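Here are a few exercises to work through with the model open. Try each one yourself before reading the solution.

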Amino acid sequence: MFLKRLFIFTFALLLPLETAPAEAQGQKNLSFPLSHYELKNGMQVILSEDYSLPLVSVVVAYNVGSLNEQQGKTGLAYLLENLMFQGSQNVSQMQHISYINRIGGIPNADTKEDRTLFYQTVPSNQLALVLWLESDRMKSLDINPSNLEQAKEALIGEIQQRKANEPYLESFFVFDQFLFSDFAYSHPLIGSEEDIRNITVEDVKDFYSTFYVPNNAVLCIAGNMNKIKAKELLAKYFETILKGKDLPPLPPSKLPEKKEVIETLKDSLVPSPAFHLGYRIASSRSNDFYALTVLDYILLRSKSSRLYKRLIKKERLAYHLSGGIEKRKELATFKIFAINNNEAMVDLCQKAIFSEINKLKSSFIPEEELEKSKNLFKMDYLRRFATSLDRAIFLTETFLSQKNFENFPSELDRYLKVTPSEIVGIVNRYFTRENSVLLNIKMK
Amino acid sequence: MRKKLFLLVILLSLRTPLFSQERFRKSPPFPEPLQELRLPPIESAILTNGLTLSLVFRENLSLISLQLVILAGESSSPPNLPGMATFTANMLDRGTLSLSSSRIEETIESTGGDFSISTSLDYSSFTLNFLEEYIDKALDILSKMILQPAFLEREIENVKRTMFYDLLDKAKDPEFLAKRLLLQLLFKNHPYSKISFNEDFIKNMSQKDVLSFFDKYYRPNNAILVLSGNLNLTTASKKVSHYLNTWENKDLERSFLPPPPPNDKEKVCFIDLPQAKDCTIYLGNVVLPITSPDFFPFIVLNQVLGGTPNSRLFMNLRESKGYAYFAFSDVEFYKSCGVFFVKTKVTPEVAYTSIQEILKEIRSVIEEKISTFEIEQAKSYLIGNFPLKIERFDNFSSKISDIKAFRLGEEHWNKYYENIMLIDSEKVFEVAQKYPLLTPIIVVVGDKNVVIESLKDFEKVEVYNSKGILQYTLTKGEDK
């Protein structure tokens with residue numbers, strides 16, 4: 001058997017000590033081993049050791065999400081996440097969870113528009129168990145009418161419960177339809193009740209056999225492991241799974257035409273008027289994305305950020321404020337959602353936001369404020385390595401979006417080098433009227 | 001024809017891997033031998049003003065977690081001012097002689113950091129996380145908060161308002177109400193009862209009270225500072241001394257707090273929460289403190305009963321009977337005692353039956369020895385789960401604070417694996433007999449109109465309002 005790895009590398013990200021601290025800060029913070037290779041069936045493997053505690057985390061990511069759903073079949077990706085816990089050839093219904101729970105581990109899963117993750121942290125002596133479980137559901141998921149019905153009921157129940165508990169939920173879906181131009185990007189991840197009811201066993205089997213295949217998966221192990229043994233286990237459990245067909249191309253990520261959109265939604269369920277304001281910003285692959293991320297922190301990521309300070313604390317124009325950058329594959333948007341006490345406040349609140357944006361267009365942000373924003377970003381960035389699971393998820397997501405780790409060692413530094421003039425530049429470039437979408441939510 | 005068919009079968013079986021699979025897929029692999037648990041090294045020193053400094057060495061991440069523990073929690077609040085310890089703690093970041101509260105917030109954020117406050121029965125703790133290159137800035141702001149607090153009237157009013165609305169908001173949560181009343185009744189007449197303060201007490205707080213509480217308890221000889229990060233003790237001691245050496249110590253009378261007596265007769269209490277769809281039940285009693293030699297067997301016992309969805313309570317009330325959304329048990333440990341409690345959320349009609357099922361499960365661990373298989377499963381969960389609980393910096397710092405505040409000795413957590421491994425069915429059986437698990441206080445929270453009917457089989461039900469004040473008592477057979 002030819003176990004030829006296409007691509008193997010390991011790098012230590014430590015820089016020599018004498019490098020100037022300010023320059024080296026980014027790299028110095030990420031001193032851990034990392035290696036990546038490909039199994040012969042196309043599955044991507046990332047390994048990152050950490051021996052501090054007897055724990056190991058495993059993430060299995062499938063490069064699929066609601067973006068891959070067809071019209072009339074919404075909710076399929078999320079439904080399949082649920083079905084992945086309903087049993088496979090050698091693991092009965094819900095047994096995956098109970099195997100992991102019994103040994104003190106914690107399992108979970110998460111579906112987004114552009115990827116689906118399954119993950120668990122377990123005592124390090126149980127790595128083989130996790131790989132056995134994950135490989136069984138990758139190879140032989142049990143999709144039958146009875147467990148499909150159960151999964152559908154669960155999902156529909158969740159939709160109904162969320163709609164009852166989150167009065168603004170519907171408005172987020174409506175807003176996405178204005179913000180994104182095509183169906184793939186704009187429809188809600190949780191799907192529509194009607195579509196879910198119509199999903200058949202064949203639909204699920206098709207989706208599973210197309211996307212839940214080794215050549216569409218990334219597996220990351222982070223934590224306390226013997227790397228040689230880990231590779232042997234991966235070869236045994238995963239390399240023996242047949243490669244799937246070539247993957248269908250993604251729907252094109254069309255940029256919506258540049259045109260200001262102002263819409264109103266009248267809703268009898270909402271307790272207060274509110275609004276969504278969004279900007280279509282640069283693709284996550286663009287160089288502007290670094291400055292846009294820092295801008296996110298300047299505007300609304302902390303209690304002393306510009307919008308939070310002005311709208312919530314000083315002028316009390318809104319009693320809820322949230323948002324920030326959101327990525328769906330390469331399309332990125334900047335969203336702001338505010339809830340106000342009354343209509344007059346909605347108006348004042350929007351004016352205040354525009355005035356803050358205009359300030360950023362015309363004057364440089366003070367050095368001290370920029371540094372604070374970068375430090376908050378840096379802290380969040382570093383926290384993504386705080387536990388073995390955090391690290392495994394971060395490495396997996398980095399790989400999914402960049403396809404390699406070439407830029408990874410210098411990535412943090414790139415954010416920390418953003419200058420005041422770059423901020424002025426991106427605000428002027430992207431935070432324009434013709435890039436904006438405003439959805440006012442009025443009480444019926 | 002026959003031959004052709006035979007060939008087809010072979011071809012089919014080759015092409016459909018579902019029908020034939022490798023042997024190793026059929027059953028789960030055996031685990032490797034368990035790896036040793038080595039906790040990060042901890043070093044401690046006492047500074048000249050009496051401040052205990054503990055250092056947890058962690059090299060992997062470039063951030064530092066600082067935890068300041070003041071050994072005064074709600075049990076130290078004045079008898080007429082329950083909530084005072086929490087209130088004073090909440091005042092700490094509300095302004096110093098030179099910095100406004102928003103300036104403090106900005107300074108902390110400029111280190112990439114965040115600040116959080118929590119108060120328990122025995123101590124108040126302050127957590128400050130920051131990027132390691134800002135250690136001086138972080139210690140500087142911490143020292144200003146401790147050495148030069150302003151306690152301005154305006155800020156006192158702000159904290160009052162925030163705490164008042166926060167408590168009002170929490171009072172909508174049936175689990176919060178149930179637990180608060182359970183602790184209030186278990187700790188009746190004991191200094192621990194002050195933890196159950198409600199929003200009415202907040203308005204009584206004055207600047208004078210805050211100053212006097214602060215002056216008495218916020219002293220270096222009554223405090224522990226835990227730093228986790230890539231630091232050594234010498235550097236850390238120097239830095240901490242530099243910023244906090246003018247913090248003056250003061251003699252403090254430390255009285256021994258005896259444990260509250262356990263509840264000795266089953267007692268049923270009800271809180272009406274109009275429009276609550278479900279019925280929330282908390283029941284429990286006073287048990288051993290964390291320092292007790294029974295600690296390890298008791299947590300194994302708790303695990304078997306209700307630690308996870310695989311435990312007896314969940315399997316019975318949810319999986320088998322379908323009464324409950326969840327059913328767990330837990331033990332919280334304080335300096336003088338622990339509290340063992342069961343919590344569940346059930347449909348209102350089965351409130352009475354659910355309580356009987358819970359008591360039946362408790363009775364069964366007292367009357368019959370738990371099988372070795374079940375004990376081993378519980379142990380395997382506890383051993384596997386422990387490192388997950390301490391993986392985060394701040395979680396581990398809390399464990400270190402416990403060691404210092406409760407005088408546990410480092411081997412308490414260091415020898416966790418060994419101590420759990422030693423537990424067997426016999427030891428668990430012994431501790432199950434020892435504590436009054438069958439005479440709990442039972443608190444039921446739900447909508448009176450739908451729940452009360454199902455409680456009519458109890459001899460007596462005390463009805464409380466959401467503030468924990470007794471309204472009236474229902475007696476079996478009598479109408480109210």
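**Exercise 1.** In which sense do strand β7 and strand β11 of chain B pair, and over how many bridges? Then find what β7(B) does with β12(B).

*Solution.* Keep in mind that this is a predicted model.

Step 1: go to residues 267–272 of chain B for β7 and to residues 441–446 for β11. The two strands pair in the parallel sense, with 6 bridges.

Step 2: Opposite Cys269(B) you'll find Val443(B) of β11(B).

Step 3: now look at β12 of chain B, residues 460–464. It runs parallel to β7(B), and 4 bridges join them. Here Ile271(B) is the one facing Tyr464(B) of β12(B).

**Exercise 2.** Work out how chain B is divided into domains, and how far apart the C-alpha centres of domain 1 and domain 2 lie.

Step 1: take the C-alpha centres of the two domains of chain B, and you get 29 Å between them.

Step 2: count who takes part in the contact. Domain 1 of chain B puts in 35 residues and domain 2 puts in 30 residues.

**Exercise 3.** Which element gives the most to the side of domain 1 of chain B that touches domain 2?

*Solution.* Step 1: list the elements of chain B giving two or more residues to that side: β2 (52–57), β3 (63–70), β5 (124–131), α6 (174–186) and β6 (223–229).

Step 1: pick the top contributor, α6(B), with 12 residues.

Conventions. Residues are numbered from 1 along each chain as its sequence is written. Chains are lettered from A and ligands numbered from 1 in the order in which they are written. This is a predicted model: local features need pLDDT of at least 70, side-chain atom pairs count only at pLDDT 80 or more; totals for chains, interfaces and linings use all residues. Two strands pair if DSSP finds at least two bridges between them. Domain bounds come from an automatic or database domain assignment. Two residues are in contact if their C-beta atoms, placed from the backbone, lie within 7 Å.
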